[in-house]
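I opened this entry to keep track of what I looked up in one model. I went from the whole chain down to single residues.

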Amino acid sequence: YEFADNWVDPIVYFDFDKFDLSKNVNKLADLVAFLNKYPSSSVSIEGHTDRRGTDYYNMILGEKRATAIRKELMERGVRAEQITTVSKGRNEPQQDCANGCTEAQHALNRVGIIRLKAK
């Protein structure tokens, strides 16, 4: 599959303490077309947060972010069986700033990552 061979896990960015998809939803169009054409393929969506807040709060926020992307894919015709979600919370940051994060680094950690499993 040319699409799968050239696939780069898209990253959907979120504003601080938010889980709405006002940004970057145009990245999903090609993915939706691929998943609808190859129904045995699937995606896993990881919800990530920045390092602020409690572990518990961030696990919930990460799940809300992953679920928001899942809902958007389903509204575009992808079957629920093709989508799994997982919250990483603040546990696997994209930017590991052990000595404190800048605002820009925090923003890079507030993401949803879509991992394709092509079949």
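I began with burial: 39% of the 119 residues of the chain count as buried. The model is predicted, so I read every value below as computed from predicted coordinates.

**Overall dimensions**

Next I looked up the radius of gyration. The chain has 14 Å. A compact globule with 119 residues would come near 14 Å, so the chain agrees with that expectation. I also took the box along the principal axes. The C-alpha atoms fill roughly 45 × 25 × 20 Å.

Residues 24 or more positions apart account for 77% of them.

**Secondary structure**

I listed the elements and got four helices and four strands. Along the sequence they follow the pattern α-β-α-β-α-β-α-β.

**Strand E2**

I sorted the residues by direction. Ser 42, Ser 44, Glu 46 and His 48 point one way from E2. Val 43, Ile 45 and Gly 47 point the other way. Residues on both sides are buried, and I noted that Glu 46 and His 48 are among them.

Which way do the strands paired with E2 run? Strand E4, residues 111-117, is joined to E2 by six bridges and runs antiparallel to it. In that pairing I found Ser 42 opposite Lys 117. Strand E3, residues 83-89, pairs with E2 in the parallel sense, also over six bridges. Here I found Ile 83 of E3 as the bridge partner of Val 43. I then followed the chain from E2 to E3. It crosses through helix H3, residues 55-75. This β-α-β crossover is right-handed.

**Aromatic pair**

I searched for ring pairs and found one in the structure. The partners are Phe 34 and Tyr 38, with ring centres 4.9 Å apart. Their planes stand at 40°. Stacked needs under 30 degrees and edge-to-face needs over 60, so this pair is tilted. Phe 34 has a relative accessible area of 5%, so I logged Phe 34 as buried. Tyr 38 is partly exposed at 23%.

**Disulfide**

How many disulfides does the count come to? The count comes to one. Cys 97 and Cys 101 form it. Their sulfur atoms are 1.6 Å apart, and the cut-off is 2.5 Å. The torsion about the S-S bond is about 55°, so I logged the disulfide as right-handed. Cys 97 is buried, with a relative accessible area of 12%.

**Backbone check**

Last, I looked at phi. Most residues other than glycine have a negative phi. Asp 17 has a positive value, near 60°. I located Asp 17 in the loop between strand E1 (11-13) and helix H2 (29-37). Is Asp 17 buried or partly exposed? Asp 17 is partly exposed, with a relative accessible area of 37%.

Note on methods
Residues are numbered from 1 along each chain as its sequence is written. This is a predicted model: local features need pLDDT of at least 70, side-chain atom pairs count only at pLDDT 80 or more; totals for chains, interfaces and linings use all residues. Side-chain values use heavy atoms; hydrogens and water are left out. Buried means under 20% relative accessible area, exposed over 50%, partly exposed in between (1.4 Å probe, protein chains only). Helices (H or I, at least four residues) and strands (E, at least two) are DSSP runs, numbered from the N terminus. Two strands pair if DSSP finds at least two bridges between them. A crossover is right-handed if, with the strands pointing away from the viewer, the path from the first strand over the helix to the second runs clockwise. Rings of Phe, Tyr and Trp (its six-membered ring) pair if their centres lie within 6.5 Å; planes under 30 degrees apart count as stacked, over 60 as edge-to-face and the rest as tilted. The radius of gyration is taken over C-alpha atoms; the globule rule is 2.2 Å times the number of residues to the power 0.38. Contact means heavy atoms within 4.5 Å.
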